[in-house]
Amino acid sequence: MRKILVGVGAILAVVFAIKMIAGFVTSVDEIDRFDAAVGDCVADNMTEQVRVVECDDAAATRKVVGREIRPTPATQPLLEEACAGYPAAEDVFWRTLISDQVLILCLQRISR
């Protein structure tokens with residue numbers, strides 16, 4: 001009986017480890033493929049997450065007016081420089097990609 005319990009426990013531990021690794025790989029892959037393009041609208045809380053939504057969606061708070069990929073690290077001067085060419089940009093959202101680059105979104109607030 002003890003051998004059966006040890007075997008079941010080992011199988012459960014392996015399954016749990018595989019699920020954890022798969023979840024991590026998926027989340028990193030999603031960060032690498034963030035598809036917000038110029039002209040897209042996003043819903044956000046300007047902390048860690050933004051998501052692309054239709055511009056007529058009530059959740060849309062900002063519109064992407066510039067999109068830049070720059071080398072890491074993301075410093076304040078780098079973010080300011082990246083969006084300097086987009087005069088309509090009022091906010092900046094950035095995310096480090098798995099390729100050690102920084103995705104920078106220059107955002108304009110949507111007024112309703």
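This is a predicted model: local features need pLDDT of at least 70, side-chain atom pairs count only at pLDDT 80 or more; totals for chains, interfaces and linings use all residues.

Trainee: Understood. Is Cys-41 buried or exposed?
Mentor: Cys-41 has a relative accessible area of 1%, which is under 20%, so Cys-41 counts as buried.

Trainee: And what does Cys-41 pair with?
Mentor: Cys-41 forms a disulfide with Cys-55, with an S to S distance of 2.1 Å. The pair links distant parts of the chain, 14 residues apart: Cys-41 sits in strand β1, and Cys-55 in the loop between β2 and β3. Cys-55 is partly exposed, at 34% relative accessible area.

Trainee: How many disulfides are there in total?
Mentor: The count is 2. The other one joins Cys-83 to Cys-106, at 1.9 Å from S to S. Cys-83 belongs to helix α2 and Cys-106 to strand β5, so this pair ties together parts 23 residues apart in sequence.

Trainee: What about the handedness of each?
Mentor: The torsion about the S-S bond of Cys-41 and Cys-55 is about 95 degrees, so that disulfide is right-handed. For Cys-83 and Cys-106 the value is -90 degrees, a left-handed link.

Trainee: Turning to α2, which of its residues are buried?
Mentor: They are Leu-78, Leu-79, Ala-82 and Cys-83. Viewed down the axis of α2, these fall within an arc of 120 degrees, so they line one face of the helix. Pro-77 and Glu-81 are exposed on the other side.

Trainee: Which elements does the buried face pack against?
Mentor: The buried residues of α2 pack against β3, β4 and β5.

Conventions. Residues are numbered from 1 along each chain as its sequence is written. Side-chain values use heavy atoms; hydrogens and water are left out. Buried means under 20% relative accessible area, exposed over 50%, partly exposed in between (1.4 Å probe, protein chains only). Helices (H or I, at least four residues) and strands (E, at least two) are DSSP runs, numbered from the N terminus. The arc is that of the directions from the helix axis to the C-beta atoms. Contact means heavy atoms within 4.5 Å. A disulfide is a pair of cysteine sulfur atoms within 2.5 Å.
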